[in-house]
Amino acid sequence: MNKQILLKQRPKGKPETSDFEIKDFEISEDKALKLKTKYISVDPYLRGRMRDEESYIEPFQVGKPLESMVVSEVISSNSEDFKEGEHVIGMLDWKHEQSHDGKGLRKIDKEMAPLSAYLGVLGLTGLTAHLALDTIGKLKEGETLLVSGAAGAVGSVVGQIGKIKGCRVVGIAGSDEKIDHIQSKFGFDGGINYKTTSNMKEAIAEHCPDGVDVYFDNVGGEILDATLQNINKAARIINCGAISIYNETGTPTGPRPEGILIKKSALMQGFLVRDHQEEFQRAIQELAGWLKSGKLKYDETVVEGFDNTPQAFIDLFDGKNTGKMVVKI
């Protein structure tokens with residue numbers, strides 16, 4: 001028998017552990033590979049998949065296993081493409097062990113980087129940071145880059161790429177400790193603790209005296225509203241995440257941005273990393289090069305134990321992670 005984590009019921013507001021169920025199951029033996037889970041990625045976007053509504057990816061089904069990016073070890077194989085002992089990454093169920101046909105899996109090299117890094121700086125989070133800045137941000141040397149969720153997995157990489165590109169980088173995070181951290185470890189030029197700031201518009205103006213050229217948005221809501229009051233002509237706003245509203249039960253309202261976007265000739269565009277898969281290999285090579293040279297560093301918050309996966313996911317919404325949140329099995 002084996003363990004799996006199911007969606008027991010659709011959360012109302014912020015998810016709770018009672019919305020999940022850990023249940024035994026028997027592994028089928030009818031597929032080419034048997035995989036043992038090593039690391040599970042928990043990410044804010046998974047909250048959207050818990051709603052029964054149309055989106056860019058199918059919603060989770062009640063009573064079925066959840067899934068995310070997972071690093072696994074091949075423990076048996078009848079496939080010519082994968083050998084026992086190799087490590088793979090892919091969108092996999094939250095199961096302790098599972099069988100798989102091999103489709104959609106990619107081999108990873110633990111000699112190049114720790115296995116967990118392939119869920120973060122060399123995984124979808126690093127790719128999101130790099131490719132969103134490439135395709136929408138189009139950074140120019142000397143510009144000002146503002147990043148929300150700056151101590152998180154994506155935000156911390158965004159800021160470092162900004163420094164590599166010669167930009168002034170300011171980060172927004174939820175504690176003085178996180179602000180100190182992004183400056184001392186990741187080289188951010190300044191930081192704003194939104195939890196202790198009474199006027200975000202003024203705080204952004206103070207830390208970005210030349211205005212904001214590129215805003216990498218991971219949170220949405222009022223911080224986005226305040227940033228729009230500070231953008232420069234031809235600014236680029238990257239809508240990557242909106243964690244501040246993911247648990248809202250109603251439809252949030254706020255200032256309407258169209259007047260500012262017209263006045264500033266600004267671009268505001270949503271970004272989904274899955275739309276850029278043809279660029280993954282190039283971007284991973286560039287990220288790995290920066291990592292090897294010491295230009296790129298990363299944080300991860302590691303929670304141990306398969307049964308703790310739901311709580312690790314919930315903790316994302318309280319900002320209990322610094323960098324990428326992963327569960328080590």
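How many nonpolar, polar and charged residues are in the lining of the largest cavity? The answer comes with the first view below.

A note before the close-ups: this is a predicted model, where local features need pLDDT of at least 70 and side-chain atom pairs count only at pLDDT 80 or more, while totals for chains, interfaces and linings use all residues. Residues are numbered from 1 along each chain as its sequence is written, and side-chain values use heavy atoms, with hydrogens and water left out.

**View 1. The largest cavity and its lining.** The structure holds one cavity of 30 Å³ or more, and about 50 Å³ of space lies in the largest cavity. A cavity here is a set of points, on a 1 Å grid over the protein atoms alone, where a 1.4 Å probe fits but cannot get out; lining residues have an atom within 4 Å of a point. Points are joined across faces, edges and corners, and the volume is the space filled by probe spheres set on them. Look for Gly120, Val121, Thr125, Ala153, Ser156, Val157, Tyr298, Asp299, Gly323 and Lys324 around it. By class, that makes four nonpolar, four polar and two charged residues (Ala, Val, Leu, Ile, Met, Phe, Trp, Tyr, Cys and Pro count as nonpolar; Asp, Glu, Lys and Arg as charged; the others, Gly among them, as polar). Helix α3 (residues 153-164) gives the most to this lining, with three residues. Helices (H or I, at least four residues) and strands (E, at least two) are DSSP runs, numbered from the N terminus.

**View 2. Ring pairs link Phe20, Phe313 and Phe317 into a cluster.** The count comes to two aromatic pairs. The rings of Phe20 and Phe313 have their centres 6.3 Å apart and their planes at 75°, so this pair is edge-to-face (rings of Phe, Tyr and Trp, the last by its six-membered ring, pair if their centres lie within 6.5 Å; planes under 30 degrees apart are stacked, over 60 edge-to-face, the rest tilted).

**View 3. Strand β3 (residues 33-41) and its antiparallel partner β4 (residues 67-77).** Seven bridges join these two strands (strands pair if DSSP finds at least two bridges between them), and Leu35 has Val74 as its bridge partner in β4. β3 also pairs with strand β6 (residues 97-100) in the antiparallel sense, over four bridges; there, Leu33 is partnered by His100.

**View 4. Helix α2 (residues 124-137), largely enclosed by the rest of the structure.** Eleven of its 14 residues are buried, including Thr125, Leu127, His130 and Ile136. Lys138 follows α2, with a positive phi near 45°.

**View 5. Pro15, in the loop between β1 (2-7) and β2.** Pro15 counts as buried because its relative accessibility is 1%. The C-alpha atoms of Pro15 and Arg47 are separated by 8.0 Å, though the two are 32 residues apart along the chain.

Conventions:
On a 1 Å grid over the protein atoms alone, a cavity is a set of points where a 1.4 Å probe fits but cannot get out, and a pocket is an open set with protein on both sides within 12 Å along at least five of seven lines; lining residues have an atom within 4 Å of a point. Buried means under 20% relative accessible area, exposed over 50%, partly exposed in between (1.4 Å probe, protein chains only).
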